[in-house]
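Trainee: Could you take me on a close look at a single part of this protein, and then show me how that part sits in the whole? I'd be glad of one connected explanation.

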Amino acid sequence: MVRYVTRHGQVANYISREGGHLYPPGDPPLSELGREQARRLGIYMRKIGFHGRILCSPFMRTLETAECIAKETGAVITPFAPIREIFQTQESADAFRGLTLEQIRQRYCCIDANAVLPYPWWCGADGCPHKETFSDVQARVREGLAQLDRLFGD
């Protein structure tokens, strides 16, 4: 099995001139350039024959990137929380409010009908948001990849 890994496109400026957040803290959408970057990646993936599943973190910028690619390739998107970004401060973990799977389905049209996403998906096993260390992230991603292997195999 071949796996392709990419980051999201360029994000929009999310701080207003007055210093406030224009979008939910920690979850800005893509800029116009970011959407174009993602669309071009989708065109490339179609040209090389990509027809697989797109897994992405449930952050808006990654969902939007994945949707641009999915529209070009005909793929479906599975939001997958173990590959989300790190919360480097407790303040950012506490302030974050992510989308539910239903909200994701309302905003993005290419979500896999069988997708499952527990809410809140950014919290630890105890249900509380936590600052993470790089070791925490490595363990989370390692377990997520093992989960994928169990679900989809090679």
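Mentor: Happy to! Let's start with a term we will need later: a contact here means heavy atoms within 4.5 Å. Keep in mind, too, that this is a predicted model.

Gln 106 belongs to helix H4, which covers residues 101-107. Is Gln 106 buried or exposed? The relative accessible area of Gln 106 is 62%, and the cut-off for exposed is over 50%, so Gln 106 counts as exposed.

Let's step back to the whole chain. The protein has 5 helices and 2 strands, and along the sequence they follow the pattern α-β-α-β-α-α-α. The radius of gyration is 16 Å, close to the 15 Å that the globule rule gives for 154 residues, so the protein is as compact as a globular protein of that length. Its C-alpha trace spans about 45 × 40 × 30 Å along the principal axes.

Here our term comes in: among contacts with a separation of 6 or more, 64% are between residues 24 or more positions apart. Of the 154 residues, 40% count as buried. As for the surface, the protein exposes about 9300 Å², with carbon and sulfur atoms supplying 54% of that area. Finally, the charges: there are 19 positive and 18 negative side chains, and the centres of the two sets lie 5 Å apart.

Note on methods. Residues are numbered from 1 along each chain as its sequence is written. This is a predicted model: local features need pLDDT of at least 70, side-chain atom pairs count only at pLDDT 80 or more; totals for chains, interfaces and linings use all residues. Side-chain values use heavy atoms; hydrogens and water are left out. Helices (H or I, at least four residues) and strands (E, at least two) are DSSP runs, numbered from the N terminus. Buried means under 20% relative accessible area, exposed over 50%, partly exposed in between (1.4 Å probe, protein chains only). The radius of gyration is taken over C-alpha atoms; the globule rule is 2.2 Å times the number of residues to the power 0.38. Accessible areas come from the Shrake-Rupley method with a 1.4 Å probe; for residues, only the protein chains shown count as cover. Lys and Arg count as positive and Asp and Glu as negative; His and the chain ends are not counted. The place of a charge is taken as NZ of Lys, CZ of Arg, CG of Asp or CD of Glu.
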